[in-house]
Amino acid sequence: MDKLTVTAASRVTAADLATARLGSRFGRMDLFSQLALLAVESLGINFDSLARDRVAICLAAATSSLATDVEFWKGRDAAGGLSPTLFTYTLPSAAIGELAIRHRLTGPNLCLVGGDALLLAEAADLIRRGEADACVCVSGDVVSAALAELIRVPATAGASALFLQRGGEGPHVLRENDRDIASWCAVISGAKNLG
Amino acid sequence: MCDPAANLPVVAVAGCGAVTAVGEGVGALRAAMRANASGLRACERFRHPRFQSSVVGAAPATTSGVESDDPAFELAHAALHEAAGEAREVLSATLPTRLGLVLSTTKANIEALERLADGRPCSDAARRHLQPDLLAADLAALHGARGPVQCVSVACTSGLVALQQGAKLIQRGAADAVLVVGVDHLSAFVVGGFSSLKALDPVGCRPFDRDRCGLSPGEAGAAMVLARAELAPRGAVTLRGWGTSNDANHMTGPSRDGSGLAQAIRAALGAAGLRPEEIDYVNAHGTGTPYNDAMESAALRGVFGEACPPFSGAKGMLGHTLGAAGIVETILCVLAMRERLLPGTPRLGASADGVPASLVREPRAAERLDHVLKLSTGFGGCNGALILGHG
Amino acid sequence: MTLSPIELKTKIIDSLKLQDITPAQIDDDAPLFGAGLGLDSIDALELVVMLEKEYGIVVKDIEEGRPAFKSVRTLAEFIVAKRPA
């Protein structure tokens with residue numbers, strides 16, 4: 001059975017975006033994509049040392065793209081009409097597209113809604129099945145004030161990321177029947193920053 | 001690399017259900033396939049300056065008389081009901097805690113957002129189903145699935161990814177059977193959105209046609225019951241292999257050379273332990289946009305060279321059903337395999353330059369339909385490929 | 001009637017949410033697409049929205065807009081020509 005290692009983990013919130021500079025088109029992305037990009041940047045992974053088509057991207061978006069959906073739909077009666085840019089980002093998987101473009105990752109993709117607890121198991125499965133050698137995992141949520149009112153959940157904006165690798169050197173090895181997967185998910189969706 | 005000889009259980013299709021632009025039920029889909037019919041129609045609801053075209057693939061109302069505020073739930077539930085009916089023997093032998101559900105959707109019940117934004121009536125259930133994971137949970141509860149539940153949303157590749165996720169749940173022993181359901185309903189949100197991208201064909205989509213110029217939005221609920229092959233009826237269609245990839249190129253336009261989709265196809269072939277020449281038919285994504293269809297032609301050439309198997313596209317029949325597309329078009333492949341009939345390409349006029357000559361225009365009998373390849377691509381550069389086989 | 005290049009550049013920056021660039025840094029004749037500012041097809045469509053919103057110009061067909069979108073100068077000329085009185 002392959003050894004799987006979490007080689008890096010990070011967590012970011014909207015406040016961290018103030019100083020983020022991740023390309024000239026960063027500004028047009030939806031907040032979730034921005035947070036995902038920043039979280040992955042904070043992992044400090046050197047993708048040059050990896051085969052790009054063997055790195056998967058797994059994403060979990062707690063409330064889908066609803067915050068952007070609300071913003072997009074708000075513009076329906078504006079002069080000029082609906083915004084094509086906003087429409088592009090009315091998908092939770094838009095962040096996968098931006099991550100893939102930025103880091104030139106062409107491997108497998110998975111995006112789950114509300115699947116925060118499942119994400120690491122799915123990433124591990126992708127690697128164990130031989131579909132990928134490593135996985136960028138991002139779990140996050142953006143609930144704007146407008147969305148909060150609509151679906152009656154608290155406003156929030158944050159993302160956590162971790163990098164899972166076959167083999168690899170890092171502080172934490174995933175064991176086969178690892179009962180710590182839940183605590184790893186807590187790291188993904190919680191507040192701890194590693195190393 | 002994935003070892004196809006690894007001792008993973010074979011996953012089979014035990015039942016199918018669908019509600020689409022050509023009617024309610026898989027029977028309607030089969031009839032439309034045989035007739036090469038199109039369900040695209042001009043729809044009064046989308047005759048407004050906000051919409052670039054009013055030609056869409058609208059499903060019949062499944063709640064008679066009353067305009068539903070929860071169309072996503074209605075479509076998904078109807079499809080699941082039919083699929084579960086076909087798979088009743090398998091399901092009655094499956095413990096509820098061993099029955100999973102995977103939902104595939106891009107916008108879930110976005111209808112509710114439109115109603116709430118306009119101040120129109122909106123039930124609590126409709127509002128709740130704005131959230132795809134809650135829609136999944138409610139469908140699972142209603143259909144007795146107390147095993148693992150997942151909600152997949154990877155743009156237009158969602159359907160194939162959901163089937164893959166269902167198969168993986170069975171292969172790693174987390175479930176014995178999985179209800180895989182895809183749904184997206186027609187909405188001003190989506191039709192308006194594609195209009196803002198100027199991505200619609202004003203007269204209705206014409207995949208692989210020389211004059212194609214855009215897609216047509218569609219809606220559908222589509223469901224497949226997956227189970228371990230030994231539990232499914234003998235001779236059932238099986239899921240042999242799959243793959244996904246990303247173009248890493250542009251957010252809404254595919255990579256021109258089709259290399260990303262070709263990579264997904266090769267991954268699926270590798271997982272299935274098949275060579276390209278063993279594929280008997282390819283069901284394309286074929287949205288009808290200039291870029292998509294050109295890219296797919298390039299991808300097919302990249303994998304099959306000049307020996308491209310017969311291929312066709314269904315979106316001229318159903319429109320682009322987004323989160324349901326991968327499921328309903330795979331059901332079409334299952335129907336084709338059961339009848340050994342190659343589906344045609346509805347609304348095809350003159351085929352475009354550069355499209356492989358093996359494009360199937362009208363349905364015709366196939367000598368062999370043992371291995372079928374289904375393709376999909378989506379916004380954000382996502383690509384998906386699934387290979388079906390016979391049990 | 002003339003159109004101030006600075007005003008147009010500001011509107012381009014705002015509608016496309018370009019970061020870390022000031023109007024003064026955009027050359028009047030630099031290509032907007034491909035090289036130069038590196039805008040893509042989604043940006044082109046967003047500029048069409050901006051033209052209607054800010055100048056009341058409706059671009060019916062993206063092909064009509066293509067030559068206008070070459071540079072800030074060509075876009076300014078297009079706006080002056082098409083702007084409703």
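A salt bridge is a side-chain nitrogen of Lys or Arg within 4 Å of a carboxyl oxygen of Asp or Glu. Polar contacts across the interface of chain A and chain B come to 23 residue pairs, both residues being at pLDDT 80 or more. A polar contact is a pair of N or O atoms within 3.5 Å; within protein, one must be able to donate a hydrogen and the other to accept it, and residues adjacent in sequence count only if both atoms are side-chain atoms.

Six elements of chain A each give two or more residues to the side that touches chain B. They are α2 (66-74), α3 (84-88), α4 (94-103), β3 (109-113), α5 (119-128) and α6 (145-151). Helices (H or I, at least four residues) and strands (E, at least two) are DSSP runs, numbered from the N terminus. The largest share, six residues, comes from α4(A). By class, this side of chain A has 25 nonpolar, 13 polar and 13 charged residues. Ala, Val, Leu, Ile, Met, Phe, Trp, Tyr, Cys and Pro count as nonpolar, Asp, Glu, Lys and Arg as charged, and the others, Gly among them, as polar.

The contact (heavy atoms within 4.5 Å) takes 51 residues from chain A and 52 residues from chain B. About 4200 Å² is buried between the two chains, and carbon and sulfur atoms give 59% of that area. Buried area is the accessible area (1.4 Å probe) that two parts lose on being put together, summed over both. Trp73(A), Phe87(A) and Arg129(A) supply 17% of the area that chain A buries against chain B, more than any other three residues.

Chain A also meets chain C. Here 15 residues of chain A are in contact with 14 residues of chain C. The buried area is about 1300 Å², with 45% from carbon and sulfur atoms. Four salt bridges cross the interface of chain A and chain C. Among them, Arg21(A) pairs with Asp20(C) at 2.8 Å, N to O. Seven residue pairs are in polar contact between chain A and chain C. The side of chain A that touches chain C has four nonpolar, eight polar and three charged residues.

Chain A itself has seven helices and six strands. Along the sequence, the pattern is β-α-β-α-α-α-β-α-β-α-β-β-α. Of its 195 residues, 62% count as buried. Buried means under 20% relative accessible area, exposed over 50%, partly exposed in between (1.4 Å probe, protein chains only). Residues 24 or more positions apart account for 75% of the contacts in chain A with a separation of 6 or more.

In chain B, strand β9 (residues 237-246) is mostly covered, with nine of its ten residues buried. Two strands pair if DSSP finds at least two bridges between them. Strand β1(B) (residues 11-20) pairs with β9(B) in the antiparallel sense over two bridges. Nine bridges join β9(B) to the antiparallel strand β15(B) (residues 382-390). Leu239(B) of β9(B) stands opposite Val11(B). Leu239(B) also stands opposite Leu388(B) in β15(B).

Residues are numbered from 1 along each chain as its sequence is written, and chains are lettered from A and ligands numbered from 1 in the order in which they are written. In this predicted model, local features need pLDDT of at least 70, side-chain atom pairs count only at pLDDT 80 or more, and totals for chains, interfaces and linings use all residues; side-chain values use heavy atoms, with hydrogens and water left out.
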